[in-house]
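Hi,

Have a look at the model first, then read on.

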Amino acid sequence: MPGDFVGLLGPSGSAKTTLLRTVLGASEVMAGSVRVYDKPGSRRNRAGYVPQLETIDWNFPVTVEETVMMGRTMVNAWFPWYRRRERELAFDMMERLGIADLAKRHIRQLSGGQQQRVFLARALISNPELLLLDEPTSGVDVKTRDDVMHLLHDLNHAGVTIILTTHEINAVAVHLPRIVCLNGAIVADGPPHRVITPHILQEVYGAQMPVIQFHGMTLVAESAHFWVNQNGGEPLSTVPDDTHHDTAAHTHLSPEDVTPHHHHNEGVAAGGDA
């Protein structure tokens, strides 16, 4: 729906990137049809795309400004040069994303967060109705990830529809208004508290993944025995999943109930990538 902010969640090979490319018009549709804003035809002029950073050739001889200007190619396809107005648009977008002072730098010389902002600027300079992002927080530090997510929320509030793929359940997916779980097909679609359940995660990932509620947040613990009760020292465990009663497998915790306990020098796994 227009104005949505959707996360595509699923294991590697679950067709998340393929779905983005199909919406973009870069992959062939074998059956059915793809409509953007209920309109058929070319989607490229309607959508901005941010690829995974690891797919970029960082040795390609191009500056930040030149990379951002590439986003005008579909809008200005008949002219091999950029007009003054387009350069002004590029500067305004770079300034908005905090990278204007990096305009003449080679893209290889940037940090991961700066590189992500460059490709966001490239996608946004064409003023898209729809923004598609493939793993936008992959390989960046916590602060950069939070900065990127705040920026995307601001863009969404400004009216841009956003679809992103992610592997990060606790750090990204549970903070989105809507999640679509994929594993070759749509397994579940809805808000995090309805989609992030042990039964659905088992179906998506093929693994038992306990779910807890903490301060109103839905979180996934990869190893629930890492959390021990202060009173008795016994591990807090979840009830085995019942396909008819998903909520039975949820554990509700408060800050005074638990303390992090590192078992055999392993880390707490409640905040990692799934």
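Let me start with Lys143, which lies in helix H5 (helices are DSSP runs of H or I with at least four residues, strands are E runs with at least two, and both are numbered from the N terminus). Lys143 counts as exposed, at 58% relative accessibility; the cut-offs are under 20% relative accessible area for buried, over 50% for exposed, and partly exposed in between, with a 1.4 Å probe and protein chains only. Gly113 is 30 residues away from Lys143 in sequence, and their C-alpha atoms are 9.0 Å apart in space.

Before the rest, some ground rules. This is a predicted model, so local features need pLDDT of at least 70 and side-chain atom pairs count only at pLDDT 80 or more, while totals for chains, interfaces and linings use all residues. Residues are numbered from 1 along each chain as its sequence is written, and side-chain values use heavy atoms, with hydrogens and water left out.

Now the salt bridges. The definition is a side-chain nitrogen of Lys or Arg within 4 Å of a carboxyl oxygen of Asp or Glu. Searching the whole structure turns up eight of them.

- Asp4 pairs with Arg178, with 2.7 Å between the closest N and O atoms. Asp4 sits in the segment before E1 and Arg178 in strand E5, so this pair ties together parts that are 174 residues apart in sequence. Arg178 is partly exposed, with a relative accessible area of 27%.
- Glu168 and Arg145 meet at 3.8 Å, N to O. Glu168 is in the loop between E4 and E5 while Arg145 is in helix H5 (residues 142–157), so here the parts tied together are 23 residues apart in sequence. Both of these residues are buried.
- Glu88 and Arg84 have their closest N and O atoms 3.4 Å apart. Both lie in helix H3 (residues 84–96), four residues apart, which is about one turn of the helix. Glu88 is partly exposed at 34% relative accessible area, and Arg84 is exposed at 69%.

What about a charged residue that is buried yet has no salt bridge? Lys16 is one such case, and it lies in helix H1. The nearest side chain of opposite charge belongs to Glu135, 4.7 Å away (Lys and Arg count as positive, Asp and Glu as negative, and His and the chain ends are not counted). The Lys16 side chain does reach the backbone oxygen of Gly10, at 2.9 Å.

Glu135 is located in the loop between E3 and H5 and is buried at 7% relative accessibility. Asn127 also has a positive phi, of about 55°, and is not a glycine either. Asn127 is in the loop between helix H4 (112–124) and strand E3 (130–134), and at 67% relative accessibility it counts as exposed. For context, most residues other than glycine have a negative phi.

Two arginines are also worth a click. Arg72, in the loop between helix H2 (64–69) and H3, is buried at 12% relative accessibility. Its side chain makes a polar contact with the side chain of Glu86 at 3.4 Å; that term means a pair of N or O atoms within 3.5 Å where, within protein, one must be able to donate a hydrogen and the other to accept it, and residues adjacent in sequence count only if both atoms are side-chain atoms. Arg87 is in helix H3 and partly exposed at 41%.

Last, the largest pocket, which holds about 490 Å³ of space. A pocket here is an open set of points on a 1 Å grid over the protein atoms alone, where a 1.4 Å probe fits, with protein on both sides within 12 Å along at least five of seven lines; lining residues have an atom within 4 Å of a point. Of the 21 lining residues, the closest to the centre are Met1, Val6, Val23, Ile163 and Arg178. By class, the lining has 15 nonpolar, one polar and five charged residues.

Cheers

Technical notes. Grid points are joined across faces, edges and corners, and a volume is the space filled by probe spheres set on the points. Ala, Val, Leu, Ile, Met, Phe, Trp, Tyr, Cys and Pro count as nonpolar, Asp, Glu, Lys and Arg as charged, and the others, Gly among them, as polar.
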